[in-house]
Amino acid sequence: VIGDGLCVFKFRMGTDGAAIATLIAQWVGTIAMIKPARDKLLQQKKTAVANTATSSKVSSLTFLKFAAPVLTLILGKLAAFGVMTHVAAALPGEATLAAHQITLSLFLFVSP
């Protein structure tokens, strides 16, 4: 959000500035998450290797009971966001699409 304000208003770049700020924010967020994700995955792998002898196998049915609601939620969100983006892109003007992108980014930032 700060990058959007700087690029749009201070540097007077308009929607191009908003797009650039969004791209930079996405890259910074991705880079910031690589090390914690890698550390957690490696820790889980070491724990899984240590527990292999005592662990029980998970059946396909048990996995599907867990995965089906999660998959349904993800597919529902993708469909809803796709429709919202399509509608925002169909409206006249660049400001509408830029506002949609900023709102969507803020929503995804604060939602679990």
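Leaving out residues up to four places away in sequence, Thr22 is in contact with Asp4 and Gln101. In this predicted model, Thr22 belongs to helix H2 and counts as buried, because its relative accessibility is 17% and the limit for burial is under 20%.

When residues up to four places away in sequence are left out, Asp4 touches Phe9, Ala18, Ala21, Thr22 and Ile102. Asp4 is itself buried and yet takes part in no salt bridge, the nearest side chain of opposite charge being that of Arg12, at 16 Å. A salt bridge would call for a side-chain nitrogen of Lys or Arg within 4 Å of a carboxyl oxygen of Asp or Glu.

Arg12 sits in the loop between helix H1 (2-10) and helix H2 (14-50). Its backbone carries a positive phi, near 50°, in a residue other than glycine, and Arg12 is exposed, with a relative accessible area of 74%.

These residues belong to a protein chain with four helices and zero strands, which reads α-α-α-α along the sequence. Of the 112 residues in the protein chain, 11% are buried. The accessible surface of the chain comes to about 9400 Å², and 74% of that surface belongs to carbon and sulfur atoms.

Part of the surface forms a nonpolar patch of about 830 Å², made by Phe63, Leu64, Phe66, Val70, Leu71, Ile74, Leu75 and Leu78. Leu78, one of the residues in that patch, is placed in helix H3 (residues 60-90). At 56% relative accessibility Leu78 counts as exposed, because the limit for that class is over 50%.

Helix H3 also contributes to an aromatic contact. The count of aromatic pairs comes to one, and this pair is formed by Phe81 and Phe107, in an edge-to-face arrangement with 6.0 Å from centre to centre and 70° between the planes. Because Phe81 lies in helix H3 and Phe107 in helix H4 (residues 94-110), the pair ties together parts that are 26 residues apart in sequence. As for accessibility, Phe81 is buried, with a relative accessible area of 17%, whereas Phe107 is partly exposed, with a relative accessible area of 41%.

Back in helix H2, where Ile20 is found, a relative accessibility of 37% makes Ile20 partly exposed. Ile20 and Val8 stand 12 residues apart in sequence, and their C-alpha atoms are 9.8 Å apart in space.

The table collects the relative accessibility of several residues discussed above.

| Residue | Relative accessible area | Class |
|---|---|---|
| Thr22 | 17% | buried |
| Phe81 | 17% | buried |
| Ile20 | 37% | partly exposed |
| Phe107 | 41% | partly exposed |
| Leu78 | 56% | exposed |
| Arg12 | 74% | exposed |

Definitions and conventions:
Residues numbered from 1 in each chain as written. Predicted model: local features only at pLDDT ≥ 70, side-chain atom pairs only at ≥ 80, totals over all residues. Heavy atoms only, no water. Helix = DSSP H or I, 4+ residues; strand = E, 2+ residues; numbered from the N terminus. Buried < 20%, exposed > 50% of the residue type's maximum accessible area, 1.4 Å probe, protein only. Areas by Shrake-Rupley, 256 points an atom, 1.4 Å probe, with all protein chains shown as cover. Patch = residues over 30% accessible without salt bridge, like charges linked within 9 Å, V, L, I, M, F, W, Y side chains within 5 Å. Phe/Tyr/Trp six-rings, centres within 6.5 Å; stacked < 30°, edge-to-face > 60°. Lys, Arg positive; Asp, Glu negative; His and termini not counted. Contact = heavy atoms within 4.5 Å.
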